Structure formats: C-alpha cells, structure tokens
Amino acid sequence: MMTLGVEADVADGLSTVAPDLLRVKVPLPFPPREVNAWLLPGPDGWTLIDSGVDDAPTRALYERVLADRRLGGRPVDRLLVTHFHPDHVGLAGWLHARTGAEIHMSRVEWMQARLLLNERSEEVIPQLVSHFGRCGAPEAFLGFLEQRGIFYHQWVGPLPRRYHRLQEGDTVSLAGTAWRVMIGEGHAPEMVCLYSAERRTLIAADQILERISPHIGTHPSDPRADPLGAFLLSLEKFEALPEDTFVLPSHGEPFHGLHARIAALRAHHADRLAMLLDFCAVPRTAMDTLEVLFRPLPMEQFGFALSEALAHLHHLERLGKIDRDLSGDQWTFVRR
C-alpha cells in the first residue's frame, strides 16, 4: 500500500491531488480532527463531496474556497453527501443556502439525517442512558450523557426539505467522465462511494480508510443489528475493483493498494472477534470487553467504544459462537 503525498498549490486547506480533482482539508472539533471534502468539475459547475461540520471556522473556510481562483469563477452547483454523520453532512444545509446547490444523497442517509435533526433531547437521552446502562457503563458516563445532550444537533445545521436520490449503480458525470455509485454498509447504512473506471479512482468515503478502521457500531435505535456483518459483506464489491485503484478516503491521505488494505481490514476484525471469543469464556458485559478491545479511553469516548464492542459481539452471536443473556439489568455475553 502506498500513500501519495504529491499535492500542489496548497492554500487555505485547498489542494490539487489529481487533474480536475481538488481536496479541501476541513478541520474537525473532535477526532479524527480532519475530514476530506472533494471538488470536481461537472458540466455546469463544481460538485462538492461532503462538507465538514456546521460551525463558524468551517463556514469561513468555505467562503475562502468558494472565492478561490482554482474554481475559475464557476459555481458549486451540486452537493453530494456520502452519509449522515456530522463531519460529512454538517454544513450541507448552509452550503445549499449559500450556493443554491442541490443536495444529493442516498435515501437512507438522507432520512437518517432528517430524523436525527428532529429528535428531542428529553426523549433521546433516557433511551441512551438505558441502553448504555445495559452495556454495563459506569454511572459517571451515564451522567455525562445526561449533561451533554444530543451530539448531532451541535454540529449539523438545518437541512432543506428536498434532495436528489442516489442509489447503487447510478452514474454521476464529474471531471469529464462517468462515476458509478457504489453503496458501502456497516459504518453507515447506505453510504455513497464513487468509482471511475476511466480514471481508476475510488472516492471511498469512510468505507476504506488507509490507516484506521472505520467505526462499526451497533446503536440504541437498532440494538440487535449486525453492522459488522454488513460491512464485511459489502467489502466484496470493492475487492472486485482493480488493485491499482487510486483511493480517496474521507480521512487520511489518498493511496494505492486497495486489495491489501481490504485484506488488512478483514484481518483486523477477525483478530478482534477472536479476542472477544476467548475473553467471553465466562459471562462478560460489553463494558468488560473494552479492556481487551481498546487502550485506556477517556470517558467521552465510551459511547463509540461500546457501540463497536456490541457490533462485534452481535456478529459473533449471528455466527452462533456466543449467547447473550437479557434476563438481568445488564446484558452479558458468553462463549458457547
């Protein structure tokens, strides 16, 4: 696997990574601290893929980007959002109002974003506290959740009431060629990735990252889901792409070595599943498993860690390798 560090004309977070392909490095107020947004020319203007969160620094960054000479005075006329997470959709509503560009998303990601924006803290927080209590989370973390409120509302601005749907197999015209929509699953339910056969380039969103594994989590709204199984299955379509595909991830650097990276992701999750299977020789809560899955974590990250632990435990349950006991106040998992 080879990272490509060649970029040109870096200014205000905007750089050229390939002909007719610009990257905006957008700072984030939470890990992983940066997200890549992509700008590609279309028939009538530029398409911006993803946005960053809705806050004052990000809005100021895009004011500079929209005025940059490399856009040639042409407008941004399409906003393509890969999935509903705050670092990808957060500023989309503001950009729509600022530029008039329509938002293009898959149906599930659009609906998930709209749903979360309409949730009320007084209804959601008790559900979160109950869910993570059953995971075995400490009282200090449950109290933290009650004080924090809904994370999503902090970073995602209001969205318009209409969008344009993208689905598997659609084609999008960008940079003078056709890009095929490929749907990734696991990290998000219907995440849009784009592949150009002519350019042998994959805009991979959070499906395939170079140095970190995308977060795969089971969440309170669907507590028996198996997102890890969906993630591993959806990797198969990306394995069918050429090995020399140029991969543009949402976090980190563009790279070559697609097949090696997918193999590494599969091995990473296989190792974690094996560790959990050994650890659950006696009944364990999801909170117990954090000691073997992660290094020591700050309390603010317990939610992500517990959702990832549950995703792996549920996959083992689907494979028939562990059982879950729901009879007490806390869920426990034990190897068969």
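**Starting in the core**

Modeller: Let's start with F132. Leaving out residues up to four places away in sequence, F132 touches A137, F141, L142, L145, G303 and L306. Keep in mind that this is a predicted model.

Colleague: Okay. How many residues does the largest nonpolar core have, and which have the most contacts inside it?

Modeller: The largest nonpolar core has 86 residues. Those with the most contacts inside it are V24, L39, Y62, F132, L202 and I208.

Colleague: Which helix gives the most to this core?

Modeller: That is α11, residues 302–318, which gives eight residues.

Colleague: And what does the second core include?

Modeller: The second core is separate and has 19 residues. Among them are L80, L166, L174 and A175.

Colleague: Why would such residues end up buried together?

Modeller: Nonpolar side chains tend to be buried together in soluble globular proteins.

Colleague: Back to α11. How do the axes of α8 and α11 cross?

Modeller: They cross at roughly 80° and come within 7 Å. An angle from 65 to 115 degrees counts as roughly perpendicular, so α8 and α11 are roughly perpendicular to each other.

Colleague: Which residues meet there?

Modeller: From α8, there are P227, L228, G229 and L232. They meet A311, H312 and H315 in α11.

Colleague: What unit is α8 part of?

Modeller: Helix α8, residues 227–239, belongs to a right-handed β-α-β unit with β13 and β14.

Colleague: Do those two strands run parallel or antiparallel?

Modeller: Parallel. Strand β13, residues 201–205, pairs with β14 over four bridges. In that pairing, A205 stands opposite P249 in β14.

Colleague: Which residues of β14 are on each side?

Modeller: F246 and L248 are on one side, and V247 and P249 are on the other. All four are buried, so both faces of β14 are covered.

Colleague: Why do they take turns like that?

Modeller: In a regular strand the side chains alternate between the two faces of the sheet.

Colleague: Where is S250?

Modeller: S250 is in the loop between β14 (246–249) and β15 (255–256).

Colleague: Is S250 buried or exposed?

Modeller: Buried. Its relative accessible area is 1%, and under 20% counts as buried.

Colleague: What is S250 in contact with?

Modeller: Set aside its neighbours within four places in sequence. Then S250 is in contact with E34, V35, N36, D50, H88, A205, D206 and L209. A205 is also the residue opposite P249.

Colleague: Switching topic. What about E291: buried or exposed?

Modeller: Exposed. E291 has a relative accessible area of 61%, and the cut-off for exposed is over 50%. E291 lies in helix α10, residues 286–293.

Colleague: How many Å separate the C-alpha atoms of E291 and A92?

Modeller: They are separated by 38 Å. Along the chain, E291 and A92 are 199 residues apart.

Colleague: Now the strands β3 and β4. How do they pair?

Modeller: They are antiparallel, with four bridges.

Colleague: What sits between β3 and β4?

Modeller: They form a hairpin with two residues between them. D20 is in the turn and has a positive phi of about 60°, although D20 is not a glycine.

Colleague: How exposed is D20?

Modeller: Partly exposed, with a relative accessible area of 45%.

Colleague: Where else is there a positive phi in a residue other than glycine?

Modeller: R200 is one, with phi near 50°. R200 is in the loop between β12 (191–196) and β13. R200 is partly exposed too, with a relative accessible area of 37%.

Colleague: Back to β4. How many of its residues are buried?

Modeller: Five of its seven residues are buried, so β4 is mostly covered.

Colleague: And how does β4 join β5?

Modeller: Six bridges join them, and they run antiparallel. K25 has N36 in β5 as its bridge partner. N36 is also one of the contacts of S250.

Colleague: What about the turn between β4 and β5?

Modeller: This hairpin has six residues between its strands. R33 in the turn has a positive phi of about 80°. P32 is in that loop, between β4 (21–27) and β5 (34–41).

Colleague: Is the peptide bond from P31 to P32 cis or trans?

Modeller: Cis, with omega near 10°.

Note on methods:
Residues numbered from 1 in each chain as written. Predicted model: local features only at pLDDT ≥ 70, side-chain atom pairs only at ≥ 80, totals over all residues. Heavy atoms only, no water. Buried < 20%, exposed > 50% of the residue type's maximum accessible area, 1.4 Å probe, protein only. Contact = heavy atoms within 4.5 Å. Pairing = 2+ DSSP bridges. Right-handed = clockwise from strand over helix to strand, strands pointing away. Core = buried A, V, L, I, M, F, W, Y, C linked by side-chain atoms within 4.5 Å. Axes fitted to C-alpha atoms, helices over the stretch in contact; angles between N-to-C directions. Parallel < 35°, antiparallel > 145°, perpendicular 65-115°, else oblique.
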